[in-house]
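Please look over the model below before reading on. The numbered points that follow are meant for someone new to it.

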Amino acid sequence: MGKKKITTLRDLIGAIKDKASQSKAAFISKPNNHSLHLAVLRATTHAPSSRPDDHHVSTLLTLGDSSLATASALIIIIMSRLHRTGNSTVALKCLIIIHQIIKRGPFILQDQLSVFPATGGHNYLKFSSFHDGATAVTWQISCWIRFYARYIETLLFTSRILGYFFCSSSLITISIDQRVKSFSDNLNTRDIVSAQRDKQEEKISSILNSDLIRDVNSLVQLIEETCKVPDFLLLEGNSLLYEVIGLLGNDYLSTVIELLIRLSEFKERLGCLSFGDSVELGFILKRLEGCKERLSVLFSVKKPSTELLWNSVNELRMKIEHLKVEKTGPKLLTFGKSKYHFDKMRKARLRWFGHVQRRDTDALVRKLTMDGFRRGRGRPKKYWGEVIRRDMVQVQLTEDVTLDRVLEDTDYDRRVVGIRV
């Protein structure tokens with residue numbers, strides 16, 4: 001690979017800074033960490049026109065796949081590089097390196113990233129105030145950096161909730177030992193992947209409803225964060241931003257697969273959910289549907305998994321809204337909008353109205369409800385008499401019908417059945 005041409009003064013200053021940082025690392029860093037510093041500096045140069053070199057990224061990941069102390073030191077060096085720089089190119093490359101660790105880094109390096117910082121919390125990267133005002137382009141890239149840092153924070157938080165890095169390629173690819181074993185046992189790669197997927201589904205089927213809802217909520221939060229991506233049409237030709245979009249697209253497909261597994265489990269458990277869990281799940285699915293239009297713009301290529309996701313979301317939402325769970329005994333648990341139960345409430349009100357109408361004119365209940373009961377100053381937005389008149393208009397009943405109890409019930413049932421949807 002030839003050397004990249006330096007066309008601006010900013011590029012020249014960046015190249016000088018890169019050489020100076022490497023020379024400084026050679027003198028200041030400890031002997032054990034010297035190679036780590038150089039690997040990070042080479043992967044996060046000031047060159048704005050190139051993404052992190054695959055060779056340098058692979059070298060960095062290989063160095064982190066050794067001891068626990070080495071992996072911890074490497075994470076600290078990357079974070080230090082990220083927080084000390086004011087250059088948008090370096091910051092964006094550092095975030096890409098962190099994302100690459102999440103996707104294809106060794107387990108020991110991912111583990112150290114998941115526990116950084118030791119204090120925990122949501123704001124791992126603390127990058128919400130980053131600005132590079134050197135040029136108009138770097139100012140726009142700063143918006144991307146703030147978004148990308150928030151996204152990675154959400155990705156780390158979601159991975160903590162699930163208990164694993166679900167976007168990691170280690171969950172999809174198969175190790176060399178497994179391939180060797182598959183050849184010796186006459187098994188193919190698809191069988192092993194299927195076995196791994198079945199094992200994951202079996203694990204999800206054993207967790208509690210509340211934990212399953214928590215998992216779905218965290219995955220939806222990640223999708224909501226993805227939808228906040230800045231306008232990338234203004235920054236065409238930037239290879240770093242195209243790299244970010246590619247990483248986001250891969251994460252989106254992984255998120256879709258995780259959601260499909262959990263929504264499929266909810267379809268099996270739908271009759272066992274409590275009222276509160278059902279309402280919470282319906283609200284989460286509504287939030288997810290709100291992201292559909294934005295996601296179709298960001299990731300225009302349609303995949304069978306995404307189409308299946310939206311079909312599953314729509315189907316599950318419809319079932320939740322119209323579900324009526326009848327339990328043994330007198331208790332009836334009903335949620336969602338049900339025309340039938342609105343009719344039962346209306347019938348109870350009109351039955352009480354007929355009861356009052358049939359009482360003597362000097363009865364206390366009639367005086368309080370029908371015969372000029374005076375209220376204090378002010379009035380509520382809706383009172384009992386207005387509700388009764390509205391109910392009678394809707395079912396087309398008259399007051400004289402209420403004088404006969406049998407006629408009232410028969411006429412009400414006939415009219416309600418006739419207007420019920």
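**Notes on the model**

1. Three aromatic pairs are present in this structure, which is a predicted model. In one of them, the ring centres of Trp-144 and Phe-147 are 6.2 Å apart and the planes stand at 90°, so this pair is edge-to-face. Both residues belong to helix 7 (residues 136-162), where they sit three residues apart, about one turn of the helix. Trp-144 and Phe-147 are both buried.

2. Phe-147 also pairs with Tyr-151: the centres are 6.3 Å apart and the planes lie at 35°, so the pair is tilted. These two residues are four apart in helix 7, again about one turn. An α-helix has 3.6 residues a turn, so residues three or four places apart point the same way. Phe-147 has a relative accessible area of 1%, and for Tyr-151 the value is 1%. Trp-144, Phe-147 and Tyr-151 make up one aromatic cluster.

3. How many disulfides does a search of the whole structure find? The number is zero. The closest cysteine sulfur to that of Cys-227 is in Cys-291, at 3.9 Å, which is too far for a bond because a disulfide needs the two sulfur atoms within 2.5 Å. Cys-227 is buried, at 15% relative accessible area, whereas Cys-143 is partly exposed, at 31%.

4. Helix 17 covers residues 384-395, and its twelve residues reach 17 Å from first C-alpha to last, close to the expected 16 Å. Its buried residues include Val-387, Ile-388 and Met-392. Viewed down the axis of helix 17, the buried residues fall within an arc of 160°, so they line one face. Gln-396, just after this helix, has a positive phi of about 60°.

Notes. Residues numbered from 1 in each chain as written. Predicted model: local features only at pLDDT ≥ 70, side-chain atom pairs only at ≥ 80, totals over all residues. Heavy atoms only, no water. Buried < 20%, exposed > 50% of the residue type's maximum accessible area, 1.4 Å probe, protein only. Expected span 1.5 Å × (residues − 1). Arc of directions from axis to C-beta. Phe/Tyr/Trp six-rings, centres within 6.5 Å; stacked < 30°, edge-to-face > 60°.
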